[in-house]
Amino acid sequence: MGGGITLYHFLTLSLILFSLGMYCVLSRRNAIGILMGVELILNSANINYLAFSFYGGHRYDGQIFAIFVIMLAAAEAVIGLAVVLTIYQNFKTIDVDATESLSG
Amino acid sequence: MRPRAGQGVVAQVVFYLLAALTVGSSMMVAFSRNIVYSTFSLLGAFMGVVGIYILLAADFVAMVQLLVYVGGILVLTLFAVMLTQGIADVTVSNRAVGVVPSLITVIVAGGVMVFAVFHTPWQQSHEAMTSGPTTYAIGNAFLGEYVLPFEVASLVLLAALIGAIVISRQDRPA
């Protein structure tokens, strides 16, 4: 192979992206910021799918799963943002620390 | 045997440029204190990922990513940001709290994943994947082997559509 781009390059990139997304989800207090972190995590998962599909053989299963992930990410974003807008109408804020009326 | 995409010097340069764009934009998303900057940085992250997909010979997935993420999710996110923040109070709108516990969790989880990535003997094919158009094969798979998940996906999208309308409408019945 000799210095070309290997599977590990893509896995490392995906790892970095996942870590950043996870940090975003854990540390943000803005609900939309948390949703952005989720999008980063889903993108990193997709990079993994496509990298395994590319380096692992001739089948297209990885690409098809990536398309399903993109579809579910779209549904997640739509529902998540609708919930965020409803929270904003009721609480006048989307800070997830301020919306704790479910805590006992 | 065709050479793999990713063997030439040009491919390496392109990979590192795309990776830098993706990681830089993602860091901006994760660390920026302004939610509007975060949202616009998400554009760079998504575009970098599109380039990575093309480098991985997934042209159809790359175009789907471009249409759905950049054309759909990003615009939707921007709308939500503008509707919930207002234009005036965007200066410190993306507060980060619990930075140290978050960093510790991320470092521990990342360490586990680094171990998993570099200690697993990944099964790799030694032949190059053809880098021609993938649309034909993907379409055949969707209407053949994967027809049931494909139909369930359309139901999921319909449910999401109706659910979003029900959740976000203004006049709710008592």
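Which residues does Ile54(B) touch, not counting residues up to four places away in sequence? Asp59(B) and Ala62(B). Contact here means that the C-beta atoms of two residues, placed from the backbone, lie within 7 Å. The points below start from the whole model and come back to that residue.

1. **Basis.** This is a predicted model: local features need pLDDT of at least 70, side-chain atom pairs count only at pLDDT 80 or more, and totals for chains, interfaces and linings use all residues. Residues are numbered from 1 along each chain as its sequence is written, while chains are lettered from A and ligands numbered from 1 in the order in which they are written.

2. **Chain A, overall.** Chain A has three helices and zero strands. Its pattern along the sequence is α-α-α. The radius of gyration of chain A is 18 Å, well over the 13 Å that the globule rule gives for 104 residues, so chain A is more spread out than a compact globule. That radius is taken over C-alpha atoms, and the rule is 2.2 Å times the number of residues to the power 0.38. Along the principal axes, the C-alpha atoms of chain A fill a box of roughly 55 × 25 × 20 Å. Helices (H or I, at least four residues) and strands (E, at least two) are DSSP runs, numbered from the N terminus.

3. **Chain A, burial and contacts.** In chain A, 56% of the 104 residues count as buried. A residue is buried if 20 or more other C-beta atoms lie within 10 Å of its own, exposed if 12 or fewer, and partly exposed in between, with C-beta atoms placed from the backbone. Of the contacts in chain A with a separation of 6 or more, 49% are between residues 24 or more positions apart.

4. **Chain B, overall.** Chain B has six helices and zero strands. Read along the sequence, its pattern is α-α-α-α-α-α. Of its 174 residues, 26% count as buried. Among contacts in chain B between residues at least 6 apart in sequence, 63% join residues at least 24 apart.

5. **The interface.** In total, 71 residues of chain B are in contact with 56 residues of chain A. H1 (9-31), H2, H3, H4 (99-119), H5 (135-142) and H6 (147-168) of chain B each supply at least two residues of the side that touches chain A. H3(B) gives the most, with twelve residues. This side of chain B divides into 47 nonpolar, 22 polar and two charged residues. Ala, Val, Leu, Ile, Met, Phe, Trp, Tyr, Cys and Pro count as nonpolar, Asp, Glu, Lys and Arg as charged, and the others, Gly among them, as polar.

6. **H1 against H1.** H1(A) (residues 7-27) and H1(B) pack at an angle of about 10 degrees, with their axes 9 Å apart. That makes H1(A) roughly parallel to H1(B). Axes are lines fitted to C-alpha atoms, for helices over the stretch in contact, and angles run from 0 to 180 degrees between N-to-C directions. Angles under 35 degrees count as roughly parallel, over 145 as roughly antiparallel, 65 to 115 as roughly perpendicular and the rest as oblique. Residues of H1(A) in the contact include Leu13(A), Leu17(A) and Tyr23(A), and those of H1(B) include Phe15(B), Val23(B) and Met27(B). The contact divides into twelve nonpolar, three polar and no charged residues.

7. **H2 against H3 in chain B.** H2(B) and H3(B) (residues 59-85) pack at about 175 degrees, with their axes 9 Å apart. That makes H2(B) roughly antiparallel to H3(B). Among the contact residues are Leu42(B), Phe46(B) and Ile54(B) of H2(B), and Asp59(B), Tyr69(B) and Leu74(B) of H3(B). The contact has 18 nonpolar, four polar and one charged residue.

8. **Two residues of H2(B).** Phe46(B) touches Gln65(B), Tyr69(B), Val70(B) and Leu74(B), not counting residues up to four places away in sequence. Ile54(B) also has its place in H2(B), residues 35-55. Ile54(B) is partly exposed, with 19 other C-beta atoms within 10 Å.

9. **H6(B).** Of the 22 residues of H6(B), one is buried, so this helix is hardly covered.
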